[in-house]
Amino acid sequence: MDIASLTAAGLGKKIRAKEISVVEAVRASLDRIDQVEKDVHSFVTIDREGALKRAEDVQKQIDDGRLTGALAGVPVAVKDNICTKGMPTTCSSRILENFHPAFTAEAVRNLERGGAVIIGKTNMDEFAMGSTTETSYFGVTRNPWNLEHVPGGSSGGSCAAVAAEECPCALGSDTGGSIRQPSAFCGVTGIKPTYGTVSRYGLIAYGSSLDQIGPIAKDVTDCAALLEVIASRDPKDSTSIDRSIYVHRQSKGPDSQESFKGGQPAGYDFTSALVNDVTGMRIGIPRDYFGEGLDGEIKEKILAAVRVLEERGAVAEEFDLSLVPYAIPAYYVIASAEASSNLSRFDGVKYGYRTQDYEGLHDMYKRTRSEGFGEEVKRRIMLGSFVLSAGYYDAYYMKALRTKALIKQAFDQAFARYDVIVAPAAPTTALKLGHSLSDPMKMYLGDIYTVSANLAGLPGISIPVGTDSKGLPIGMQIIGDCFAEKKIIRAAYTLEQTRAYERPALAKNASKVQEHGADDRQRKEAVQRREAVQRKEAVQREGGAV
Amino acid sequence: MANKISDETIEYVGILAKLELSQKEKENARADMEKMLDYIDILNELDTEGAEPLSHVFPVYNVFREDVASQEDGSEDTLANAPVKKDNSFKVPRTIG
């Protein structure tokens, strides 16, 4: 059996049934990493020893009944902007190259409480700024479906790791599409939750009002299970919410004026929404998302998926969302403004890189930052500093916040009529490496379908709906109203039941090798043990002679 | 309208951003920023009159906790990351002449 090809929920079940030990599960991940990492490069840090040690500890806790959850014993990879005590956390930046966090992010602590085993930290665009994982200081990650193409970004490492089956699931973060777009590019499933659902404590901030941590996995079931574990109200993050006191409205057609009071409770029981039924669900298809600029094959595959949902009883309708052209400029103003403020903490004093030569404090700050940050990060810090500066603040920053209010209103109107909105995750499938870096504007425009959910705080899921003629995966996005994760999970799950999970050839080939490899490893270990005994005996003989 | 960023503005933004840019980097930054601002200016087409600037997207409720004192000394862990340290403190260049 090839353990690496299992889903997180499937693996967890076999671990609880004692069919697979936690050490075996972790070994399977590490073996796959050994096989494919040289090609894919999903990871910045791999914690082999720590993971194997932790595996033994988790196994004991499962054996004596202390750990019973769905993810107990399951290996998980964590994006490298999420703090992990005992493991470096770099944001894929030179300025944090040697940073060892003094604490662990709340989302990761929740994973640990659930018995997950953190196997390593995944590559990303530097400080999550980028859509290709090419701005990483530690080199690019490649798309497991085609190594000449990008995995998307900024959570490219996490998505590539799941697609290549280096781990069954991973955490990413999403500020403007950084979970949903790479999930689409790598043919996996990812959720950006409602703002505030997962604590941001320990997530190194990029755009604080937009950032959310979320799950990435092979299927909707795994994502729901993972979200159920990581979501929590956390007093250490004042923007985290208690979902038990929020309710989401019911869509009741155009005249609905219901607010957040008086609907279904938002709750934390995401797996309860894994229901294969969309009877009566209203699906909105924004015309503005399916016009010019969208690749024809993507449009075709997504509309085909909508038809499948209609056959299952959903009611789909086109509508005009409006304001779509304003989302990207508003997003880049707000995200850059927040980034310029958030990244001011990297000054060469408290942690991270410090320049070697400097004259005085101010010079030290400037040189440290100029040498420590990469090009894209500096570009956004400059833009952010500009839009917040006296004289431009009203014209740019306040204007963007007013635009955000109007975008939120447009979604409010849409969700008065529809349960979910269907959209592409990106205008194209994964581009070739090096294609976007030459023209940042072009890369920014690729975020057109994802940034609005961040601006309006909405949950969104990206699920695979097939491949294009180049053999690259196509992702469909399902966006829900604030707190309405269960609706998007239900829609995505229902769609998923109609199609099989597609694996990249790289993972299939690695599986074949790995199945033989397990026997090989046992043989190799036996040889090593025998040699060790022989050496010991030889030493004893020689020692006796001396 | 094409945005033109003056040398003074680039200098000023560099000071705000605490970045030291070479002449070439300044030129690039200027070109990038002009291009970006030209694009962002599309927002001017949109009438935002009467729209309140929105920072948080849904109503948030204050959550209180008991004011309980706790003894936590994380100084060792915190200082472990300091590029330069001295006597349980971060060491920085002289700030007063």
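User: What makes two strands count as paired in this predicted model?

Analyst: Two strands are said to pair if DSSP finds at least two bridges between them. In this predicted model, strand E9 (residues 282-286) of chain A and E11(A) are joined by two bridges, so the pair meets the requirement of at least two. The sense of this pairing is parallel. Within it, Ile283(A) has Val420(A) of E11(A) as its bridge partner.

User: How do you know that E11(A) also pairs with strand E13 (residues 473-480) of chain A?

Analyst: Five bridges join E11(A) to E13(A), and the definition asks for at least two, so these strands pair. They run antiparallel. Val420(A) stands opposite Gly480(A) in E13(A).

User: Why is strand E11 (residues 420-424) of chain A described as largely enclosed by the rest of the structure?

Analyst: Buried means under 20% relative accessible area. Five of the five residues of E11(A) are buried, and the strand is therefore largely enclosed by the rest of the structure. Val420(A), Val422(A) and Pro424(A) point one way, while Ile421(A) and Ala423(A) point the other way; all are buried.

Key:
Residues are numbered from 1 along each chain as its sequence is written. Chains are lettered from A and ligands numbered from 1 in the order in which they are written. This is a predicted model: local features need pLDDT of at least 70, side-chain atom pairs count only at pLDDT 80 or more; totals for chains, interfaces and linings use all residues. Side-chain values use heavy atoms; hydrogens and water are left out. Buried means under 20% relative accessible area, exposed over 50%, partly exposed in between (1.4 Å probe, protein chains only). Helices (H or I, at least four residues) and strands (E, at least two) are DSSP runs, numbered from the N terminus.
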